Amino acid sequence: MTYKGEYRPSELLCPETHQFIPLQRCVELLDKNEFTRLNRDFGGNSLNKRNLDELSREMKLYVRRQGMVVTLDQLTVATQLRIRPLVGDILQYLSSELVGSILLQL
């Protein structure tokens, strides 16, 4: 179906975010891996500290040792400092709608 790229405007549907992305932005990604997320934007904006803080309050974390479900803010400061970069990496790949329904096991 590469011939469809000859017609303008050409867009592909991102299989994860269900948003249409201009073909020019997708070609390089698809050359590397044909099964990839095409929308590299997070909610239309790049993830910043404010977004991470807001979304981390919604994401539920299952702490196996204590058998409890908590949010990032409920962990000790030392644990937050270790976990926050990992949560940030995960949040980059989730839509804001999914964040509240994900349970991350620690």
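Modeller: Gladly! Let us begin with the idea of a nonpolar core: a set of buried residues such as Val, Leu and Met, joined through side-chain atoms within 4.5 Å. Keep in mind that this is a predicted model.

Biologist: How many residues does the largest nonpolar core have, and which have the most contacts inside it?

Modeller: The largest nonpolar core has 13 residues. Those with the most contacts inside it are Met 59, Leu 61, Leu 75, Val 87, Leu 91 and Val 99. The largest share, 3 residues, comes from H3.

Biologist: Let me pick one of those residues. Leaving aside neighbours within four places in sequence, what is Val 99 in contact with?

Modeller: With that condition, Val 99 is in contact with Leu 55, Glu 58, Met 59, Leu 91 and Leu 94. Leu 94 is found in the loop between H3 and helix H4 (96-99).

Biologist: Now the strands, please. How do I read the two faces of a strand?

Modeller: The general idea is that in a regular strand the side chains alternate between the two faces of the sheet. In this model, S3 has Leu 61 and Val 63 on its covered face, while Lys 60 and Tyr 62 are on the uncovered one.

Biologist: Which strands does S3 pair with, and in which sense?

Modeller: S3 pairs with strand S5 (residues 103-105) in the parallel sense, over 3 bridges. Across that pairing, Lys 60 stands opposite Leu 103. S3 is also joined by 3 bridges to strand S4 (residues 68-70), and these two run antiparallel. There, Val 63 has Met 68 as its bridge partner.

Biologist: What is there between S3 and S4 in their hairpin?

Modeller: There are 4 residues between the strands, and in this hairpin Gly 67 takes a positive phi near 65°.

Biologist: Where does Thr 17 lie, and what is it in contact with once neighbours within four places in sequence are left aside?

Modeller: Thr 17 lies in the loop between strand S1 (11-13) and strand S2 (20-22). Its contacts, counted that way, are Arg 37 and Asn 39. The C-alpha atoms of Thr 17 and Asn 39 are separated by 6.8 Å, although these residues are 22 apart along the chain. Thr 17 also has a relative accessible area of 19%, so it counts as buried. From Thr 17 to Leu 94 is 77 residues in sequence, but 8.5 Å in space, C-alpha to C-alpha.

Biologist: To finish, what pattern does the chain follow along the sequence?

Modeller: The chain has 4 helices and 5 strands, and reads β-β-α-α-β-β-α-α-β. Buried residues make up 32% of its 106 residues.

Definitions and conventions. Residues are numbered from 1 along each chain as its sequence is written. This is a predicted model: local features need pLDDT of at least 70, side-chain atom pairs count only at pLDDT 80 or more; totals for chains, interfaces and linings use all residues. Side-chain values use heavy atoms; hydrogens and water are left out. Buried means under 20% relative accessible area, exposed over 50%, partly exposed in between (1.4 Å probe, protein chains only). Contact means heavy atoms within 4.5 Å. Two strands pair if DSSP finds at least two bridges between them.
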